[in-house]
Amino acid sequence: MFKNILKGLEAYSGTFALISKLKLWKYFAIPIVISIVTALTIGVTAYGLSDNIGRFISSIWPWDFGKETFTSISTFIGAIVIIAIGLILYKHIIMALSAPFMSPVSEKIETHLTGIEKHQHRNTTFGQQLWRGIRINLRNLGKELLITSPILMLKFIPVINIFSTVLLFLVQAYYAGFGNMDYTLERHFKYGESVQFVRKYRGIAIGNGIVFILLLLVPIIGIILVLPLSVTAASLKTVTLLKEERRLNNSEIKVL
């Protein structure tokens with residue numbers, strides 16, 4: 001799986017040039033607005049809730065001694081919880097709502113790589129693409145929250161909490177990469193088949209999602225570039241995987 005993670009990371013190489021070459025920036029205008037509005041809304045909400053959660057956790061400590069220390073730790077943990085949940089909600093919201101705009105991007109990249117203008121795959125409408133995006137991301141949101149909850153509990157255990165942070169990051173990365181890959185898979189697979197395909201190449205999804213999450217740590221620029229770069233990288237790699245599995249018949253991947 002480690003090799004696939006590296007492949008997912010390597011797919012980001014040359015994404016800026018490809019976006020400009022294929023004139024794809026215009027397709028990202030509305031998703032970028034969605035990304036900014038969602039980030040601001042979640043950010044303001046998270047800022048207001050972090051102290052409340054910290055105080056709630058600290059109320060568990062019944063003794064006077066160590067109360068101040070426990071409160072400080074609780075506030076920090078509260079902030080981590082809010083950031084984790086905020087990132088989870090953010091990525092699933094923007095990926096679901098951006099699905100109809102990202103599908104044409106992945107299709108143009110597929111055409112560029114295969115040389116085929118008219119593909120013989122599933123034709124879907126704007127509404128179907130939006131519903132597919134919402135369905136996939138609701139499914140992923142539920143599973144991610146289910147996995148994330150016990151990981152967050154590990155934050156209370158010294159030493160282990162360090163490893164839980166890494167695990168939490170990888171889980172976030174996997175589901176981010178999952179959503180980005182589905183913009184291409186949507187044209188080729190039904191819902192269940194897409195889930196199986198991503199599971200098979202979970203390393204690719206994690207590699208793509210690692211950069212996705214890291215971009216969000218870059219103030220302002222990150223939320224602007226996160227979709228253009230991650231979707232382009234995911235489309236490049238997913239089309240290649242489909243070719244390797246002979247899912248794209250009578251086509252040939254071009255060397256960029």
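Contact means heavy atoms within 4.5 Å. Helices (H or I, at least four residues) are DSSP runs, numbered from the N terminus.

The model is predicted: local features need pLDDT of at least 70, side-chain atom pairs count only at pLDDT 80 or more, and totals for chains, interfaces and linings use all residues. Residues are numbered from 1 along each chain as its sequence is written, and side-chain values use heavy atoms, with hydrogens and water left out.

**Exercise 1. Describe how α5 and α7 meet.**

Step 1. Take the axes, which are lines fitted to C-alpha atoms over the stretch in contact, with angles from 0 to 180 degrees between N-to-C directions. The axes of α5 and α7 come within 8 Å and cross at roughly 75 degrees. That makes α5 roughly perpendicular to α7, a label that covers 65 to 115 degrees.

Step 2. List the partners. From α5 come A99, M102, S103, S106, E107 and E110; from α7 come Y183, T184, E186, R187 and H188.

Step 3. Sort them by class. Ala, Val, Leu, Ile, Met, Phe, Trp, Tyr, Cys and Pro count as nonpolar, Asp, Glu, Lys and Arg as charged, and the others, Gly among them, as polar. The contact of α5 with α7 has three nonpolar, four polar and four charged residues.

**Exercise 2. Find the largest cavity and say what lines it.**

Step 1. On a 1 Å grid over the protein atoms alone, a cavity is a set of points where a 1.4 Å probe fits but cannot get out; a pocket is an open set with protein on both sides within 12 Å along at least five of seven lines; lining residues have an atom within 4 Å of a point. Grid points are joined across faces, edges and corners, and a volume is the space filled by probe spheres set on the points.

Step 2. Count. There is one cavity of 30 Å³ or more. The largest cavity holds about 100 Å³ of space.

Step 3. Read the lining. M95, A99, S103, Q129, R132, G133, I136, N137, G179, D182, Y183 and E186 form it. At least two residues each come from α5 (99-114), α6 (126-153) and α7. α6 gives the most, five residues. The classes are four nonpolar, five polar and three charged.

Step 4. Q129 lies in helix α6. Its relative accessible area is 13%, so Q129 is buried (under 20%; exposed is over 50%, partly exposed in between; 1.4 Å probe, protein chains only). Beyond its neighbours within four places in sequence, Q129 touches A99, P100, S103, T124 and E186.

**Exercise 3. Characterise the largest pocket.**

Step 1. The largest pocket holds about 870 Å³ of space. Its lining has 33 residues, with I80, I83, A84, L87 and L217 nearest the centre.

Step 2. α3 (29-58), α4 (67-97), α7 (160-188) and α9 (202-216) each supply at least two lining residues. The largest share, eleven residues, comes from α4.

Step 3. The lining has 26 nonpolar, six polar and one charged residues.

**Exercise 4. Locate K23 and I220, and give the phi of K23 and I220.**

Step 1. Most residues other than glycine have a negative phi. Phi is positive in K23, near 55 degrees, and in I220, near 65 degrees.

Step 2. K23 sits in the loop between α2 (15-21) and α3. I220 sits in the loop between α9 and α10 (221-244).

Step 3. K23 is exposed at 64% relative accessibility. I220 is exposed too, at 62%.

Methods: Parallel < 35°, antiparallel > 145°, perpendicular 65-115°, else oblique.
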